[in-house]
Amino acid sequence: MAADIKDWNVEDPQFWETTGKRIAYRNLAISVPALLCGFAVWMMWGIITVQMYNLGFPFSKDELFTLTAISGLAGATMRIPSSFFIRLAGGRNTIFLTTFMLLAPALGTGIALQHPEWPLWVFQIMALWSGVGGGNFASSMSNISTFFPKRLQGTALGINAGLGNFGVTTMQILIPLVMTVGIFGAIGGAGMDLVKDSGWIFGKIPAGTHTYIQNAGFAWVISLIPLAALCWFGMNNLLSAAPDIGGALTAYAKITWLYTLSFAPAIIGLYLYLPAPTGLGVLNMWIALPLIMTGTLMLMKLAALGTMKDAIAKQFAIFSNKHTWAMTALYVVTFGSFIGFSMALPLSITVIFGDKHILDPLTNTWQHLKNPAAPSALTYAWIGPFLGALVRPAGGWISDKVGGAKVTQIISVVMVAASAYAGYVLFQAYRSATPEQYFVEFLAVFMVLFAATGIGNGSTFRSIGVIFNREQAGPVLGWTSAVAAYGSFIAPEVIKGQVKSGTPEMAMYGFAIFYALCLIVNWWFYLRKNSAIKNP
């Protein structure tokens, strides 16, 4: 089959069975590992920062939290232009180039981590660059949605996102493993000795153990090169979804230009938000984020070249549809929570359970001392993302059978209750000299949250595929995933701020309130008696 396909009508059962199914599932099979590596490179800072802390890198906990926040924000911002790539450049062109681009942050991070004496801004640049992996999700989902009929949207998108999201779990398991061995020999550089206890899925790794933290970046190069080749030789551009892509070089120029544009508002917004010495610290997060999103959209519209202007203008039509905004909020509940908790959980476990919290009766202030019985974040943090990704295809399949809005409503109720209970557990743990006694409850309630986000991701995918026509469904998927991805920035920052205030439970109570509001949105638009679209 030629790389470019002109005629594509998968709503025709005969075409689907004789031609479409084979091509669609082949593209899906290649899309999944490419997306998995994108997630891994984007989210790796959640694990890297824990190990930087354990190795005694000369940065404070707050500064390490900024690395996870920067990579999260960059990935979310890069999803905004990425949501337009498929129509502008074609699926094969987009997935190949954006997968190949991941080599730069993987190699750069590996080099930087060999030099703990380098300034913080070097690591922040690498975290920013890793955002390319986060941006890939929007184009990947937009691409797969064009290959499948509406009746299979929930299942196909659930498989792509669910198995792709295993990149988070794969990263959280693989990175601690590869850091224990000098797998690249002299080429990979020398190791360092742990200053604090670390861990992996089989338990603790004691202080003094020789560790190769640079492998956290280098390990992904092994898979990215053959994956990029597989994208090039095995995927297709659907000309019905991307009629004006031009040649391959033209398509690559469009992608590179729009990605470059997205870096500008992300960097400016971070500079205005982050405190000194990194930035000015003059903007509140809830002001900075809308400015970054609006700035990215406006810059794309103004700086688009040639035929890109018309294509982008057509896709901007999604913003006049009220359902775009309703589904954006619901997707924040599901994917935003999944990605936010995935990013924040490792360092949160380290900070909250890694210390004993003792109230000094003389000063009436809390003292935080090293807890020798602390659980290792690297041993447990992978379980939640694994569970969330595992159940996501099931969420899409169930929603195809019973309706997306019904499933979204049920998981929203669960998330309200689980978030409130998580806040109660954190309240107890952060005021205890033995916080580890609350860890099992903490882990269990977060497993419930991750499972609910995974099922809810499948239900929202299905709803978008039904609510919007084929021309708008792809850009809406991309846009909603872009906004939701800011959860990877918001969750670490909110939790960090509340930990500094001594009230980490307030972060979870705040999330519970947000979930309750979105529960009402889902009922109003899609479940009440006179809703515009009943039970999508």
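This is a predicted model: local features need pLDDT of at least 70, side-chain atom pairs count only at pLDDT 80 or more; totals for chains, interfaces and linings use all residues.

Residues are numbered from 1 along each chain as its sequence is written, and side-chain values use heavy atoms, with hydrogens and water left out.

**Exercise 1.** Find the salt bridge that Glu17 forms, and say where its two residues lie.

Solution. Start with the cut-off: a salt bridge puts a side-chain nitrogen of Lys or Arg within 4 Å of a carboxyl oxygen of Asp or Glu. Glu17 pairs with Lys21, with the closest N and O atoms 3.2 Å apart. Next, locate them: both sit in helix α1 (residues 13-43), four residues apart, or about one turn of the helix. Helices here are DSSP runs (H or I, at least four residues), numbered from the N terminus.

**Exercise 2.** Which residue does Arg462 bridge to, and is Arg462 buried or exposed?

Solution. The partner is Asp400, and the closest N and O atoms are 3.6 Å apart. Arg462 belongs to helix α20 (residues 439-467) and Asp400 to helix α18 (residues 383-402), so the bridge ties together parts 62 residues apart in sequence. As for accessibility, Arg462 counts as buried at 16%, and Asp400 is buried too, at 17%.

**Exercise 3.** Take the salt bridge between Glu505 and Arg431 and work out what it links.

Solution. Their side chains meet at 3.4 Å, N to O. Glu505 is in helix α23 (residues 505-527), while Arg431 is in the loop between α19 (404-429) and α20, so distant parts of the chain, 74 residues apart, get linked. Now the accessibility: Glu505 is buried at 4%, whereas Arg431 is partly exposed at 27%. A search of the whole structure finds four salt bridges.

**Exercise 4.** Which members of the largest nonpolar core touch the most other members?

Solution. A nonpolar core is a set of buried Ala, Val, Leu, Ile, Met, Phe, Trp, Tyr and Cys residues joined through side-chain atoms within 4.5 Å. Of its 174 residues, Met52 and Phe446 come out on top. Helix α16 (residues 322-353) gives the most to this core, with 18 residues. Then zoom in on Phe446: leaving out residues up to four places away in sequence, Phe446 touches Phe341, Leu345, Ala422 and Met508, where contact means heavy atoms within 4.5 Å.

How values were computed: Buried means under 20% relative accessible area, exposed over 50%, partly exposed in between (1.4 Å probe, protein chains only).
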